[in-house]
Amino acid sequence: MDLMEKIVSLCKRRGFIYPGSEIYGGLSNSWDFGPLGIELKNNFKQLWWKSFIHERDDVLGLDSALIMNPKVWEASGHVAGFSDPLVECKNCHSRYRADQLDTKQDLRVCPNCGKNDWTQQKDFNLMFKTHIGPVEDTSSVAYLRPETAQGMFVDFKNILSSFPKKLPFGIAQIGKAFRNEITTGNFLFRLRELEQMEIEYFIPPPKKDSDWQKYFEEWRKEMWRWFDLVGIDSKKVHEHEIGDGERAHYSKRTIDFEFDYPFGTKELYGLAYRTDYDLKSHQKYSGWDLTYRDQERGESYIPHVIEPTWGVDRTLLSILLSSYYEDEKRVVLKLKPYLAPYKVAVFPLVANKNDLVSKAKVVYRKLKDSLVVVFDDRGNIGKRYFAQDEIGTPWCVTIDYDSLKDSTVTVRDRDTTK
């Protein structure tokens with residue numbers, strides 16, 4: 001069994017992640033986050049919010065709507081250009097991204113049926129279309145947002161009005177985005193319903209390249225700091241400079257932070273210099289004045305933007321892959337203690353001894369006042385230890401017969417087993 005299979009199996013068995021709609025046969029690459037998965041995810045999302053909003057004076061938080069005025073997506077370029085190249089096998093009608101087939105099969109044969117008979121390549125827009133109101137016509141068309149960034153650009157002027165800030169400053173949000181991907185797969189890597197942690201960092205228009213490059217470099221360092229914060233193995237992370245002709249239309253420079261997944265080295269996060277494209281475009285399409293009045297310079301201008309982006313689902317996957325450890329005796333998730341779903345597990349040494357169970361519950365209630373704690377009195381103590389190792393609980397507290405005499409307990413460390 002390879003590492004990905006082990007991770008997927010552990011996630012389902014221990015309640016981190018379940019297949020979506022499983023009792024109905026599932027839904028392609030849809031996943032539900034179970035009791036432990038949502039705790040782990042919330043822990044690093046809260047850490048991200050603390051690190052990049054609460055601990056800084058220059059970034060403000062936002063939670064914008066999932067469904068926005070459809071003109072937003074015209075202005076951003078998504079209606080016209082947010083697409084992947086699609087080809088269909090004429091024999092079995094399987095559909096594939098043409099650029100991925102180029103790499104894997106050179107478009108010679110269909111991976112599903114082995115035939116070599118394709119339709120002409122066409123562009124497939126990745127946005128999920130819906131309708132607002134009771135009538136489904138062109139006037140009611142709307143979209144589920146394909147990214148979180150545009151909400152921050154659209155609310156730029158509102159935030160400035162409420163919280164006058166000097167440049168540079170940023171707007172940050174965590175939220176869902178939806179992309180009707182042609183090809184999904186590899187567990188949490190490529191999803192149709194995904195979550196992003198994103199910052200739009202507004203800077204004055206640069207007079208020379210070094211003006212924007214210094215902010216770009218600051219955020220590049222912040223992204224490397226994040227890997228250490230959450231326990232992503234930095235030896236498996238690589239920077240990939242996106243070349244001319246490959247970058248998004250709005251970007252003057254983009255770095256992808258790639259991770260060595262078991263299925264290959266692929267994108268984890270991104271850092272882009274979006275210039276002034278977005279605000280300028282929204283000003284044009286909306287008719288609103290989105291300029292910033294710079295009191296020190298004595299001028300008004302459209303700010304430029306540095307954008308660091310973190311994928312929530314890929315963060316979770318890379319944390320699991322980085323923390324997974326096994327030997328001949330046990331499987332361990334060596335999670336950072338502040339990320340672990342449970343910080344402490346409390347056990348009575350013997351499950352059916354009422355005095356030990358009562359004492360253990362006293363300790364459990366004391367700890368529960370300030371920590372996320374789990375109580376377990378099922379079966380063999382050794383198996384209970386190994387179960388907590390597998391879900392990443394840093395410490396186990398055992399109440400034994402000495403505890404009844406002198407109120408001492410045994411504390412076991414997850415990583416050392418001491």
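Colleague: Which residues in α2 meet α8, and which residues in α8 do they meet?

Modeller: Keep in mind that this is a predicted model. Contact here means heavy atoms within 4.5 Å. On the α2 side the residues are Phe44, Leu47, Trp48, Ser51 and Phe52. On the α8 side they are Trp219, Glu222, Arg225, Trp226, Leu229 and Val230.

Colleague: How do the residues of that contact divide into nonpolar, polar and charged?

Modeller: Glu222 and Arg225 belong to the α8 side, and Glu and Arg count as charged. Ser51 belongs to the α2 side. The contact of α2 with α8 divides into 8 nonpolar, 1 polar and 2 charged.

Colleague: At what angle do the axes of α2 and α8 cross?

Modeller: Two packed helices are described by the angle between their axes and the distance between the axes. For α2 (residues 35-54) and α8 (residues 209-230), the axes come within 12 Å. The crossing is right-handed. The angle is roughly 140°.

Colleague: On to the strands. Which residue in β13 is the bridge partner of Glu258?

Modeller: β12 (residues 253-261) and β13 (residues 264-275) run antiparallel, joined by 9 bridges. They form a hairpin with 2 residues between them. Within that pairing, the partner of Glu258 is Glu267.

Colleague: Which residue in β16 stands opposite Ala272?

Modeller: β13 also pairs with β16 (residues 304-311). That pairing is antiparallel and spans 6 bridges. Opposite Ala272 stands Glu307.

Colleague: Which strands stand at the edges of the open sheet of 4 strands, each with a single partner strand?

Modeller: The order is β20-β19-β21-β22, with mixed pairing. The twist averages 25° from one strand to the next. An edge strand has a single partner, so one side is left without a neighbour in the sheet. The edge strands are β20 (373-375) and β22 (410-413).

Colleague: Which residue in β22 is the bridge partner of Trp395?

Modeller: β21 (residues 395-399) joins β22 through 4 bridges. The two strands run antiparallel. The partner of Trp395 is Asp413.

Colleague: Which helix packs on the sheet touching β19, β20 and β21, and at what angle to β19?

Modeller: The helix is α11 (residues 354-368). Its direction is compared with that of β19 (344-348). The angle is about 165°.

Colleague: And which helix lies across β19, β20, β21 and β22?

Modeller: This helix spans residues 381-391. It runs at about 170° to β19. The helix is α12.

Terms used. Residues are numbered from 1 along each chain as its sequence is written. This is a predicted model: local features need pLDDT of at least 70, side-chain atom pairs count only at pLDDT 80 or more; totals for chains, interfaces and linings use all residues. Side-chain values use heavy atoms; hydrogens and water are left out. Axes are lines fitted to C-alpha atoms, for helices over the stretch in contact, and angles run from 0 to 180 degrees between N-to-C directions. A crossing is left-handed if the near helix is turned anticlockwise from the far one by less than a right angle, and right-handed if clockwise. Two strands pair if DSSP finds at least two bridges between them.
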